[in-house]
Amino acid sequence: MIRELTGDPVGCIVNYTSNEPIGGEGEDMRLDFDSEQPIYMQLAEAIEDDILKGILAEETQVPSTTELSVVLKINPATARKGVNILVDEGILYKKRGLGMFVARGAQQRIKKKRRAQFYQSYVVPLLAEAQKLNVSTGELIEMIERGLPDEQD
Amino acid sequence: MSRIELRGLSKRYGHNLALSEVDLALEGQKIYGLLGRNGAGKTTLLNLLTAKTHPTLGTITIDGEPVWENDAVLGRVFYMTEANLYPPSLRVREAFYWTVQFYSKFQMPYAEDLARRFELDIRKRVKELSTGYASIFKAILALASGAPILLFDEPVLGLDANHREMLYKEILANYIEEPKTVLISTHLIDEIADILEEVIILNRGRVMLHQPVEELLESAYAVSGEASKVDQYIQGKNYLSEERLQNFKSVIVLGGAVDRALAKSLDLEIGRPELQKLFIALTSS
Amino acid sequence: MARIWSFTKYQLRDYRTAVLVFYLVLAAIVALLVGINGRVEGQASLSGGSIILVFVIGLNCFKSSFLFAQANNISRRVFYLATLLSLVGLGIIMGAVDMIIDAALDRLPIYLGLFEQVYGKAPLAKGLWTTAFLVFAGSLGWMITMIYYRSSSLWKVVVSLTPVLVIPVLSLLNRLTSGKLMFSLFAFLKWAFGFAGETPNPYPAVVTFLVGSALIWAVNAVLLYRAPVKA
């Protein structure tokens with residue numbers, strides 16, 4: 001299930017899919033049918049994705065929890081929870097009277113966090129699936145190289 | 001801050017025990033979901049709460065005061081009923097006018113704006129409204145009423161998809177603009193799941209559970225894989241429904257942490273069911 | 001308690017169409033008769049008409065206004081008081097209008113309203129009498145609808161049959177008491193409506209109507225107390 005939403009005030013597009021592996025705590029289980037991360041987690045990740053993609057630049061304002069909840073049709077308490085996770089991680093910060101802003105160095109912080117999870121979230125499931133399909137290591141590497149963008153000088 | 005409290009509430013209609021020993025306390029300005037199958041007792045509960053009918057046993061109070069024949073307290077509640085209680089020959093705009101008389105905080109401009117956005121012709125008489133527009137009409141009254149407690153009984157009955165989405169957004173926007181206690185009773189769960197903060201599930205006239213939605217969702221997970229292996233996993237665990245397709249089986253487990261090691265060793269997959277799926281699992285006999 | 005007054009206004013507004021139509025039809029009839037005869041005569045008087053109208057209003061208005069009160073979370077007590085006030089108000093208004101109309105038509109030769117036919121000329125008493133009668137009629141209509149509303153199918157049949165059974169039952173009882181029942185009954189009615197003395201006296205009738213209304217409203221309170229909300 002993919003939802004695409006538009007937040008009018010900032011004009012940003014927030015995408016998220018629900019087939020992401022469950023993050024954190026070294027969980028190595030893949031989500032399957034009917035599965036979803038808690039909504040507040042999905043929201044946090046979606047905002048992180050936007051920051052990574054540059055859609056939400058550092059020191060720019062993030063839609064308020066009010067706007068987010070109305071546009072995404074989720075309870076404000078849930079929206080607040082998702083945003084607070086990012087505040088706690090130093091990815092967003094609150095400017096009094098104005099709202100939530102992307103912190104300086106947020107991109108770096110997110111990359112660092114995701115890198116740490118990269119192995120568990122992507123490599124382990126990749127290897128498990130490869131094993132299921134009897135894809136050899138050589139084939140795997142070939143596929144990865146095939147998928148990499150061409151190096152151009 | 002409104003506190004709704006039901007203690008030891010039971011209601012019998014002839015031979016039918018519609019509600020039995022219901023204990024419920026709703027405190028604070030939240031959006032609550034009252035979920036239950038057809039006949040579970042949701043409407044009965046709402047009717048008792050608004051003194052439409054008298055309990056067989058038990059007490060119902062709002063802010064500590066009993067609701068029966070209590071205009072002061074009942075004036076703080078707007079109840080969007082599933083049934084149509086409005087005089088058939090009354091025009092929508094007359095209904096707006098009279099509701100102002102009975103709910104002093106009713107906001108006419110807001111009501112008119114909502115009517116315009118939902119394309120409700122306020123010159124129409126109540127009897128001329130389709131099912132969907134009857135719901136829209138009543139929902140607008142509720143939203144514009146200015147009451148600190150809003151009860152919605154099947155608010156989206158008859159609404160097309162666009163209007164459903166609009167209504168959920170309006171309820172949210174209204175709630176955000178002015179925090180209040182909102183109780184939505186419905187058996188259409190999947191669309192509403194995300195806007196709820198707490199959920200109350202009624203089953204056969206009893207309160208099955210009352211929890212924050214997130215807490216409930218995080219306490220359940222689905223295990224699936226080869227049937228015999230799933231059976232092994234669920235030994236000694238509290239599981240709900242099972243779905244079976246030849247050798248494939250999927251079971252929803254309630255409570256307890258996921259035994260990842262065991263699941264991995266049995267080559268099982270773990271997922272998290274949506275609220276509606278969980279609800280079905282909980283309320284199938 | 002402002003709600004009582006608001007709901008009373010609603011009830012009166014609800015009666016308005018019926019009342020306006022009534023007077024329009026009446027005006028048309030009077031105009032027709034005057035046009036034909038040059039005057040208005042006789043039995044079919046206005047007072048009688050308004051009494052029937054108010055009775056019918058009472059019969060019609062219970063359910064939809066009760067449900068409307070419930071839709072607005074108005075307690076049964078407020079609904080009860082508001083309806084009572086509205087029927088009294090209606091009685092006063094229509095009584096006053098009737099008086100005016102009768103006075104106006106009185107200028108035309110040989111016109112007798114219902115009241116004058118029975119009691120002779122007495123303007124003040126007439127006003128009171130008309131109002132009291134109207135209130136009684138409206139309340140009676142209301143009570144009958146409420147009885148039906150609260151009745152199961154079986155009881156509805158019983159209630160519907162009552163008027164039919166009254167006469168046979170009374171005749172039977174009368175025969176059993178060798179005529180004493182009817183005699184006392186008629187004597188009582190004469191006394192209650194002011195025919196006991198030499199000249200008919202309207203005031204006892206006024207009292208009778210008011211007492212009757214009070215009794216009706218006592219019954220209404222019982223009927224309303226735990227009335228279910230049935231759409």
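Start with chain B: the centres of its domain 1 and domain 2, taken over C-alpha atoms, sit 36 Å apart. Keep in mind that this is a predicted model, where local features need pLDDT of at least 70, side-chain atom pairs count only at pLDDT 80 or more, and totals for chains, interfaces and linings use all residues. Residues are numbered from 1 along each chain as its sequence is written, while chains are lettered from A and ligands numbered from 1 in the order in which they are written.

Now colour residues 3-212 of chain B as domain 1 and 219-283 as domain 2; such bounds come from an automatic or database domain assignment. Eight residues of domain 1 of chain B and six of domain 2 of chain B make up the contact (C-beta atoms, placed from the backbone, within 7 Å). On the domain 1 side, you'll find five nonpolar residues, one polar and two charged (nonpolar: Ala, Val, Leu, Ile, Met, Phe, Trp, Tyr, Cys and Pro; charged: Asp, Glu, Lys and Arg; polar: the others, Gly among them).

Helices are DSSP runs (H or I, at least four residues), numbered from the N terminus.

Finally, jump to chain A and select α4, residues 106-132. Look at A:Q117, where α4(A) bends by about 55° (the angle between axes fitted to the seven residues ending there and the seven starting there). Just after α4(A), click A:N134, which has a positive phi of about 60°.

How values were computed
Helix = DSSP H or I, 4+ residues; strand = E, 2+ residues; numbered from the N terminus. Expected span 1.5 Å × (residues − 1). Contact = placed C-beta atoms within 7 Å.
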